[in-house]
Amino acid sequence: MAKTPVLTPRADDFPRWYQDLITKAELADNGPVRGTMVIRPYGYGLWERMQQDMDARIKETGAQNAYFPLLIPQSYLAREADHVDGFAPELAVVTHGGGKELEEPAVVRPTSEMIINASFSKWVQSYRDLPLLINQWGNVVRWELRPRLFLRTTEFLWQEGHTAHATYEEARDFAARIQRQVYADFMENTLAMDVVLGRKTVKERFAGAINTLTLEGMMGDGKALQLGTSHELGQNFAKAFNTRFLSKEGTQELVWQTSWGSTTRMIGALVMMHGDDDGLRIPPRLAAVQAVVLAVKGDDAVLAKVREIGDRLKAAGVRVHVDDRTDTPFGRRAVDWELKGVPVRIEVGPRDLESGTAMLTRRIPGGKEPVAIDSLAGLLPAVLEEGQALLLRQSRERRESRTAQVSTIDEAVEVTTAGGWARIPWADLGAEGEAKLAGHAVTVRCLVAEDGSVPESEDAPGNVAVVARAY
């Protein structure tokens with residue numbers, strides 16, 4: 001009889017495969033309130049590693065971390081009409097507290113532009129106070145009608161940056177720097193994710209922004225996922241909160257602002273971009289456990305050797321876990337680590353001790369081979385880097401092979417319905433064509449220049465629209 005697969009095969013039912021993997025790799029569970037999630041330790045460990053890496057990059061830009069309240073007075077939201085309209089359907093509102101009806105309802109933050117700008121208006125007085133560069137790690141609530149773990153949940157974790165500058169040019173350049181130097185570099189070099197950097201159309205901009213820069217990734221089923229955004233807010237919020245500064249010339253001027261964010265959605269992207277029918281494949285630079293050393297049997301000599309190997313690998317700078325739970329069958333443990341996507345498994349049994357070797361199993365390219373135990377510490381760093389590079393290469397090759405150049409809306413719909421992306425000249429598509437695509441559940445993910453760079457404006461000559469079905 002054929003062995004029942006641990007996961008639903010991706011080719012049979014990609015959404016079911018995704019849900020199976022989230023559950024069986026112990027990343028998250030559904031919360032008691034519809035649309036919420038419980039992030040389990042293994043999933044939260046991925047988020048912690050992402051936080052640490054990104055936080056260092058954010059601080060390199062000069063931004064500092066702060067924390068702002070979860071509850072926002074409802075009156076604040078009335079100050080910027082476009083922003084309010086954009087978030088109105090997603091708002092959760094608190095009307096009672098302490099057993100009494102509140103004098104003014106409070107909104108649970110869907111984003112923090114309003115509450116942060118209330119502080120900025122007090123903190124900024126002079127050009128000497130600029131630029132003001134603030135980042136916050138926290139949670140937000142956006143009432144989600146069609147929830148999916150990590151991808152769309154009513155509450156999610158994220159970082160959100162907010163800055164104020166003296167000039168438009170400074171704000172514009174800072175938003176672009178975040179897109180490139182923080183998000184793109186992190187996603188490509190740590191998460192091994194191929195991303196397309198572009199500019200959102202007016203229809204797809206963040207509510208209240210004058211420009212939104214985005215990073216889009218292709219998932220294993222060919223759909224797009226927005227992985228991070230950086231917004232130029234212009235002076236819209238400065239006007240709403242009267243955030244002014246005394247310039248060097250002695251005049252009162254409105255600040256220019258940015259905001260930018262990335263979320264726990266990146267964990268969902270990690271699953272869908274790198275996962276296979278056997279489970280996760282965690283990029284080695286991200287993995288909290290880069291190598292697991294497994295004792296095949298509970299032999300005293302074997303147990304001593306796996307612990308010794310663990311110590312050697314730690315000394316070599318490898319993040320390692322020793323699995324000596326020999327009261328649990330070896331096959332079950334091996335499948336569990338396979339599901340969780342640990343880059344390398346080192347398996348040691350009595351026969352291996354006799355030959356002085358261990359079985360080295362690589363999760364990312366697959367395959368296994370016996371390796372001399374004494375060579376493991378010197379070999380593993382290169383093996384891990386090979387796996388890291390392969391994941392990025394595979395994600396890039398997937399996108400490139402499944403992206404087609406088209407010239408009509410019908411062709412774009414055909415390509416995206418078949419699980420690919422399409423590129424079409426923006427001059428041929430335009431806002432009218434964008435609306436027609438929306439009728440087929442296809443969106444303009446971003447605009448790029450002919451050479452693939454981020455265009456300076458929406459109507460720059462030669463702009464190309466990247467269109468796809470998306471999560």
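**Stop 1**

Helices (H or I, at least four residues) and strands (E, at least two) are DSSP runs, numbered from the N terminus. Two strands pair if DSSP finds at least two bridges between them.

Now zoom in on strand 4 and strand 6 (residues 100-108). Three bridges join them in the antiparallel sense. Pick Leu71: its bridge partner in strand 6 is Val108.

A word on the model: it is predicted, so local features need pLDDT of at least 70 and side-chain atom pairs count only at pLDDT 80 or more, while totals for chains, interfaces and linings use all residues. Residues are numbered from 1 along each chain as its sequence is written, and side-chain values use heavy atoms, with hydrogens and water left out.

**Stop 1: aromatic rings**

A pair of aromatic rings is described by the distance of the centres and the angle of the planes. Rings of Phe, Tyr and Trp (its six-membered ring) pair if their centres lie within 6.5 Å; planes under 30 degrees apart count as stacked, over 60 as edge-to-face and the rest as tilted. The whole structure holds eight aromatic pairs.

Select Tyr76 and Phe241. This pair is edge-to-face, 5.8 Å centre to centre with 80° between the planes. Tyr76 is in helix 3 (residues 74-77) and Phe241 in helix 7 (residues 236-241), so look for distant parts of the chain, 165 residues apart. Are Tyr76 and Phe241 buried or exposed? Both are buried. Buried means under 20% relative accessible area, exposed over 50%, partly exposed in between (1.4 Å probe, protein chains only).

Next, select Phe156 and Trp158. They are also edge-to-face, at 5.9 Å centre to centre and 90° between the planes. Phe156 is buried at 11% relative accessible area. Trp158 is buried at 8%.

Then show Phe68, Phe120 and Trp123, a cluster linked by ring pairs.

**Stop 2: charges over rings**

The charged end of Arg79 sits over the Tyr76 ring, 4.8 Å from its centre. The rule is NZ of Lys or CZ of Arg within 6 Å of the ring centre and within 35 degrees of the ring normal. Lys223 does likewise over the ring of Tyr471, 5.0 Å from its centre.

**Stop 3: salt bridges**

The whole structure has 29 salt bridges. Each is a side-chain nitrogen of Lys or Arg within 4 Å of a carboxyl oxygen of Asp or Glu.

Select Glu188 and Arg396. Their closest N and O atoms are 3.9 Å apart. Glu188 lies in helix 6 (residues 168-189) and Arg396 in helix 12 (residues 376-401), so the pair ties together parts 208 residues apart in sequence. Glu188 is partly exposed at 23% relative accessibility, and Arg396 is partly exposed at 30%.

Move to Glu216 and Lys200, which meet at 3.0 Å, N to O. Glu216 is buried, at 1%. Lys200 is buried, at 1%.

Last, select Glu26, Arg40, Asp336 and Lys340. Salt bridges link them in a network.
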